[in-house]
Amino acid sequence: MNKALRRPVIAGNWKMNKTPDEAKALIEEMKPLVADADCDVVVCVPYVDIPAALEATAGSNIKVGAENCHWAESGAFTAEISAPMLKAVGVPYVIIGHSERRQYFGETDVTVNKRTKAALASGLKVILCVGELLEQREQGITEEVVRYQTKIALGDVSAEDLKNVIIAYEPVWAIGTGRTATAEQANEVNAAIRACIAELYGKDAADATVIQYGGSMNAKNAAELLAQPDVDGGLIGGASLKAQDFSVIVKAASV
Ligand code: PEP
């Protein structure tokens with residue numbers, strides 16, 4: 001597997017943090033720090049921050065993402081936001097299937113698949129999250145779990161659309177806990193996901209697919225994780241809310 005075929009993507013997931021003014025201030029602080037990045041840089045922000053984030057990032061190398069989207073184009077889905085709405089405001093990326101959506105808001109592999117297909121149909125780039133629970137790792141079924149999640153999420157996604165999918169391997173036990181997967185654990189699961197993509201779409205497609213690691217990645221551990229042959233970037237929660245720390249991670253991905 002040739003890592004050089006893939007451009008790393010470092011994406012921040014701001015979760016439910018930052019008002020529009022705070023979002024603007026954080027992006028202004030980040031811009032000079034990541035301006036020379038040799039990787040793609042994305043900040044996924046709360047819906048209400050999207051206009052401020054788009055304005056603040058205009059003309060810079062930082063792209064904006066949303067944190068979810070609905071599968072329907074429009075309709076009676078109170079409080080939801082559709083993929084065409086995101087496209088219309090100029091958002092290029094969207095996270096789908098984050099474990100917090102699965103844990104707290106009833107997302108299933110089937111709804112993750114529906115949201116993924118809707119986002120791709122609207123021309124969005126999807127950051128698709130998969131990952132095992134702690135008890136699943138302890139039962140030794142991590143690989144089965146991520147293969148299952150990946151296969152269902154990508155059901156009916158064409159090889160052409162796969163080019164707009166980034167997969168984020170995020171062990172649930174490592175998200176927001178300060179407990180990071182070891183570099184070897186991250187690489188092992190990322191390689192298993194890549195093998196699954198190869199089974200579904202062929203080796204060339206698998207070689208071209210960006211597979212990130214996410215879960216307490218920070219300024220201190222990023223370099224080791226990002227140096228792994230199957231780790232093509234990161235999805236960063238807590239550390240993406242600190243411009244300096246985020247920029248260290250971006251630099252680690254740029255070597
Ligand atoms: C995330 O929210 O996707 C994440 C990885 O969070 P954290 O970096 O805080 O663990």
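Helices (H or I, at least four residues) and strands (E, at least two) are DSSP runs, numbered from the N terminus. The structure described here is a predicted model, in which local features need pLDDT of at least 70, side-chain atom pairs count only at pLDDT 80 or more, and totals for chains, interfaces and linings use all residues. Residues are numbered from 1 along each chain as its sequence is written, and side-chain values use heavy atoms, with hydrogens and water left out.

**Two loop residues**

Asp 156 lies in the loop between helix 7 and helix 8 (159-162). Its phi is near 65 degrees, a positive value in a residue other than glycine. Lys 15 is found in the loop between strand 1 (9-13) and helix 1. Although Lys 15 is not a glycine, it has a positive phi of about 55 degrees.

**The ligand site**

Lys 15 also belongs to the surroundings of the ligand: of the 14 residues there, the closest are Lys 15, Glu 170, Gly 176, Ser 216 and Gly 237. A residue counts as near a molecule or strand if one of its heavy atoms lies within 4 Å of it. Polar contacts are pairs of N or O atoms within 3.5 Å; within protein, one must be able to donate a hydrogen and the other to accept it, and residues adjacent in sequence count only if both atoms are side-chain atoms.

| Residue | Atom of the residue | Distance to an oxygen atom of the ligand |
|---|---|---|
| Asn 13 | polar side-chain atom | 3.1 Å |
| Ser 216 | polar backbone atom | 2.7 Å |
| Gly 238 | backbone N or O atom | 2.8 Å |

**Helix packing**

Axes are lines fitted to C-alpha atoms, for helices over the stretch in contact, and angles run from 0 to 180 degrees between N-to-C directions. Angles under 35 degrees count as roughly parallel, over 145 as roughly antiparallel, 65 to 115 as roughly perpendicular and the rest as oblique. Contact means heavy atoms within 4.5 Å.

The axes of helix 1 (residues 20-34) and helix 2 (residues 50-57) cross at roughly 25 degrees and come within 9 Å. Helix 1 is therefore roughly parallel to helix 2. On the helix 1 side, Pro 20, Lys 24, Ile 27, Glu 28 and Lys 31 meet Ala 52, Ala 53, Ala 56 and Thr 57 of helix 2. This contact of helix 1 with helix 2 has five nonpolar, one polar and three charged residues. In this classification, Ala, Val, Leu, Ile, Met, Phe, Trp, Tyr, Cys and Pro are nonpolar, Asp, Glu, Lys and Arg are charged, and the others, Gly among them, are polar.

With helix 5 (residues 109-121), the angle is about 40 degrees and the axes are 8 Å apart. Helix 5 is therefore oblique to helix 7. Asp 109, Val 110, Val 112, Asn 113 and Thr 116 in helix 5 meet Tyr 148, Gln 149, Ile 152 and Ala 153 in helix 7. By class, the residues of this contact are five nonpolar, three polar and one charged.

Helix 7 also packs with helix 9 (residues 183-201), at an angle of about 45 degrees and with the axes 10 Å apart. Thr 142, Glu 143, Val 146, Arg 147, Thr 150 and Lys 151 of helix 7 meet residues of helix 9 including Val 189, Ala 192 and Leu 200.
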